[in-house]
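Please consult the sequence and the structure shown below while reading.

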Amino acid sequence: MGFGSISPIIRECDFSDRDLLILYSDGIKEHFNLLDYLALFTGETESITRGVLKEFGKKTDDACCIALKYIK
């Protein structure tokens with residue numbers, strides 16, 4: 001069970017072909033250098049989510065990860 005209230009923030013952005021959007025819960029470590037893990041983000045969305053959970057998932061918390069690729 002989470003703590004505190006959440007206020008959604010609405011943002012708009014433009015996506016280009018093959019852009020990647022990753023959404024994850026607080027069970028994923030919040031600080032990591034993306035440049036150290038570029039290979040992790042080049043595969044299909046299923047392998048990306050599995051990699052994020054394996055590499056950055058906290059051992060003491062549950063985690064959720066969704067990866068979406070924009071394809072024209």
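**Surface, charges and fold**

Leu 68 is partly exposed, with a relative accessible area of 44%; partly exposed lies between buried, under 20% relative accessible area, and exposed, over 50%, computed with a 1.4 Å probe and protein chains only. The model is predicted, so local features need pLDDT of at least 70 and side-chain atom pairs count only at pLDDT 80 or more, while totals for chains, interfaces and linings use all residues. Residues are numbered from 1 along each chain as its sequence is written, and side-chain values use heavy atoms, with hydrogens and water left out.

**Nonpolar patch**

- Leu 68 is located in strand S2; strands (E, at least two residues) and helices (H or I, at least four) are DSSP runs numbered from the N terminus.
- Together with Phe 15, Leu 21, Leu 23, Ile 66 and Tyr 70, Leu 68 forms a nonpolar surface patch with about 490 Å² of accessible area in total.
- Patches consist of residues with over 30% relative accessible area and no salt bridge, where nonpolar side chains (Val, Leu, Ile, Met, Phe, Trp, Tyr) are joined within 5 Å and like charges within 9 Å.
- Strand S1 (20–24) and strand S2 each contribute at least two residues to the nonpolar patch.

**Charged groups**

- Asp 26, Glu 30, Asp 61 and Asp 62 make up a negative surface patch; Asp and Glu count as negative and Lys and Arg as positive, with His and the chain ends not counted.
- Asp 61 belongs to the loop between helix H1 (45–56) and strand S2 (65–69), and is partly exposed at a relative accessible area of 31%.
- There is one salt bridge, defined as a side-chain nitrogen of Lys or Arg within 4 Å of a carboxyl oxygen of Asp or Glu.
- Arg 50 forms a salt bridge with Glu 46, their closest N and O atoms being 3.0 Å apart.
- Arg 50 and Glu 46 are separated by about one helical turn because they are four residues apart in helix H1.
- Both Arg 50 and Glu 46 are exposed.

**Whole chain**

- Of the 72 residues of the protein chain, 17% count as buried.
- Among contacts (heavy atoms within 4.5 Å) with a separation of 6 or more, 66% are between residues 24 or more positions apart.

Note on methods
Areas by Shrake-Rupley, 256 points an atom, 1.4 Å probe, with all protein chains shown as cover. Charge placed at Lys NZ, Arg CZ, Asp CG, Glu CD.
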